[in-house]
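Hi there,

Here is the structure I promised to pass on. Have a look at it first, and then read on for what turned up.

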Amino acid sequence: MLLSQYLFFFLSFVAVLSALMVILDKNPVHSVLFLIVTFFAIAGHYLLLNAQFLAVTHIIVYAGAIMVLFLYVIMMLNLNKEIEPHKKNIPKVAAVISAGVLMMCLVALLKGAEVQMLPAARNSNIGLVDSLGKVLFKEYMLPFEVSSVLFLAAMVGAVFLSKKEIH
Amino acid sequence: MLTFIIYKSILVLIVFLISLGVAAYATYGERKVAAFMQDRIGPDRAGPFGIFQPLADGLKMFMKEEIIPTVSNKFLFILGPSLAMLTALMAGVVVPWGGKLAIGDHFYPLQITDINIGILYVFGVVSFGVYGIMIGGWASNNKYSLLGALRASSQMISYEIAMGLAIVALVMKTGTLSLGEMVAQQGTGGWWNIVYQPLGFLIFLICAFAETNRAPFDLPECETELVGGYHTEYSSMKLGFYLFAEYINIFISSAVISTLYFGGFNLPFQSHIPLDGNWLVIAQTAFFFGKVIFFIFFFMWVRWTIPRFRYDQLMNLGWKILIPLAIFNILATGVLMYALGKV
């Protein structure tokens, strides 16, 4: 086997294991830290696909910014007790049913899937910042700009919600 | 292949040892600079002019009793300073320390790796650096530590934005994300980037102070309010690692500032200097370290001159002054580039 294949299996193992630990660990701070490990493993997968720009942005945005905010909130609210609040039965049943439906959909979708290479994936430069920028700002200009407007709207909403009311 | 691996390993080892050495002597330098500014003598007991002081300090750190609070989370308590040290040392990988050394027929560039997203890699490592402080502060199970950690994280997140926007303007100008390429551009014709990006440099410099938790932004370890900040509960070499990581961060920030804005390892009027081959490479590396040491001195100079900010002042400066200024800088850069027909 090639070195990249060993790396692939190692990273996949780390990603799945730490993702499992996110939901199995009862301490919220540990869960967040395992989620960061998962993000790093996924960034490693991006690197294997020669998408360095994507890998680094993934680290900066998810591990460097979003998870810091998660950790921040958990520390501020002092949620570090290892006890779970007792939940009622109806939400539990609803959760089991919806998770089962999701599982069924995924199995139905993936049952007929074949492993094949996408034509774009053969181009090894697709993940580099040059080609990514050209694709984003030439072919997908409108969706890109619309999604940034969406982000702006969400940001304005968040600022508005957190602002103290002025009488 | 084997020589390649050996050469890279030696280079990594050298950069690692230099980072540690410079950081150790930065602690000595800081005390001497502080003493000079306050009209004192400073450390002068260990060796001539006290130059063995860092060794004595290091020995003391190792010999001290190590206390781990019983109510803390032991694994995370140890992970905190380890992460701080790890992230501090990681950024040195992409910094170009010099040109290409010629040994025999082979050329050996004095840069561990020139990845095409070098500046983003530095940025990623910086953004990850906050975890060492946060995890350590939380695992201490002490309210002062936690407050220090929360301050540190909010401060670093706030100033990362302005720092990133300052870099965006620089990337617009240079058209590359690779540090090696940026240095090459500043060497062959044209001026250093500081001439084209003075405002960007100022923003980057201020953010570098905030990211390394140095005065005037050292609120995470504000003694008057928080005992010792995030490392209140730490003792022995774990405390040493936190303090040491700060000095390594200063060293790496100085190296990145010199690379981005002050021509990297290029000498001024390089083409007129009658040096060639390896001598030029050595002179360039020496000059680069000269720049780096100047910036380390600058960090100390500011620390012993300017008093600490208040927390709301810090946030106002970050969000209401630096970010709009950085956005203005991007706009101005774009307009100028368009006007001069460089797009």
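This is a predicted model: local features need pLDDT of at least 70, side-chain atom pairs count only at pLDDT 80 or more; totals for chains, interfaces and linings use all residues.

The crossing of helix 3 of chain B past helix 5 of chain B is left-handed.

Which residues make the contact? From helix 3 of chain B come B:Leu76, B:Phe77, B:Leu79, B:Gly80, B:Pro81, B:Leu83, B:Ala84 and B:Thr87. Helix 5 of chain B supplies B:Tyr131, B:Gly132, B:Ile133, B:Ile135, B:Gly136 and B:Ala139. Sorted by class, the contact between these helices has 10 nonpolar residues, four polar ones and no charged ones.

Two loop residues are also worth a click in your viewer.

- B:Phe49 sits in the loop between helix 1 (2-37) and helix 2 (53-63) of chain B. Its phi is near 55°, a positive value in a residue other than glycine. B:Phe49 counts as partly exposed because it has 13 C-beta neighbours inside 10 Å.
- B:Asn213 lies in the loop between helix 9 (198-211) and helix 10 (223-226) of chain B. Here, too, phi is positive, near 55°, and the residue is not glycine. Buried or exposed? B:Asn213 is buried, with 25 other C-beta atoms within 10 Å, where 20 or more are needed.

Best wishes

Terms used. Residues are numbered from 1 along each chain as its sequence is written. Chains are lettered from A and ligands numbered from 1 in the order in which they are written. Helices (H or I, at least four residues) and strands (E, at least two) are DSSP runs, numbered from the N terminus. A residue is buried if 20 or more other C-beta atoms lie within 10 Å of its own, exposed if 12 or fewer, and partly exposed in between; C-beta atoms are placed from the backbone. A crossing is left-handed if the near helix is turned anticlockwise from the far one by less than a right angle, and right-handed if clockwise. Two residues are in contact if their C-beta atoms, placed from the backbone, lie within 7 Å. Ala, Val, Leu, Ile, Met, Phe, Trp, Tyr, Cys and Pro count as nonpolar, Asp, Glu, Lys and Arg as charged, and the others, Gly among them, as polar.
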